[in-house]
Amino acid sequence: PKNIPEGCEMHPHQLDALKWMASLYENGLNGTLADDMGMGKTIEAISILAYLKESLGVSGLNGEPHLVVAPKSTISNWMKEFRKWAPFLRVVNLIPTMGHRAEILREKMQEGLFDVCVTTYEGVMICGPRLKKYDWHYVIFDEAHKLKNSDSKISIETRKIPSQCRLLMTGTPLQNDIGELWSLLNM
């Protein structure tokens with residue numbers, strides 16, 4: 001996307017991934033981005049959100065925010081990469097701890113005030129009822145192999161989050177058996 005800041009260059013494989021995600025979006029399909037670790041899946045995912053804002057005007061401003069669900073250990077990297085690659089997107093980090101949660105929900109996560117919410121899988125468990133009230137445009141699940149057990153509480157709760165599009169990101173889509181892959185595809 002042209003709206004990515006100068007000096008931020010995507011690699012050819014990342015551009016291919018962006019084109020693939022854009023074609024999924026245009027055809028109303030969800031997808032699983034299963035590049036190997038270290039290939040830049042985070043940047044690829046951010047680039048599709050930048051593309052949606054630039055090409056189609058999809059943003060929180062018109063009531064179409066996006067949600068990123070990631071492990072706690074990766075949240076700071078997501079925030080850093082959003083600041084670098086898409087500083088024009090208004091990103092809120094929904095910290096699920098009680099001391100921060102109410103203030104963030106009350107002051108930062110009002111319709112039209114944010115484009116992207118980044119939270120943890122624990123955040124989905126704690127803030128699930130509130131997250132289900134939003135009409136999420138794109139929901140991205142980082143380290144989606146956490147959802148490999150379709151009967152787990154986190155899998156059940158994440159399936160309840162309303163969205164127009166979903167992207168699962170994992171370097172290990174198939175770890176033990178075909179049932180785990182089915183769980184991800186069912187997502």
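**A close look at strand β4**

A: Happy to walk through it with you. β2 and β4 run parallel and are joined by 5 bridges. Within that pairing, Ala70 stands opposite Thr120 in β4. Please keep in mind that this is a predicted model.

β4 also pairs with β3 (residues 91-93), again in the parallel sense, over 3 bridges. Here Val92 is the residue that stands opposite Cys117 in β4. To get from β3 to β4, the chain passes through helix α4 (residues 98-108), and this β-α-β crossover is right-handed.

Now for the side chains. Val116, Val118 and Thr120 point one way from β4, while Cys117 and Thr119 point the other way, and all are buried. Because 5 of the 5 residues of β4 are buried, the strand is largely enclosed by the rest of the structure.

What lies around it? The largest nonpolar core has 34 residues, and Leu49, Trp78, Phe82, Tyr138 and Ile140 touch the most other members. β4 (116-120) supplies at least two residues of this core, as do β2 (66-70), α3 (75-85) and β5 (136-141), among others. The most comes from α2, with 8 residues.

Trp78 is a handy landmark to click on: leaving out residues up to four places away in sequence, its contacts include Val118, along with Val68, Ala70, Ile140 and Met169.

Methods
Residues numbered from 1 in each chain as written. Predicted model: local features only at pLDDT ≥ 70, side-chain atom pairs only at ≥ 80, totals over all residues. Heavy atoms only, no water. Core = buried A, V, L, I, M, F, W, Y, C linked by side-chain atoms within 4.5 Å. Buried < 20%, exposed > 50% of the residue type's maximum accessible area, 1.4 Å probe, protein only. Helix = DSSP H or I, 4+ residues; strand = E, 2+ residues; numbered from the N terminus. Contact = heavy atoms within 4.5 Å. Pairing = 2+ DSSP bridges. Right-handed = clockwise from strand over helix to strand, strands pointing away.
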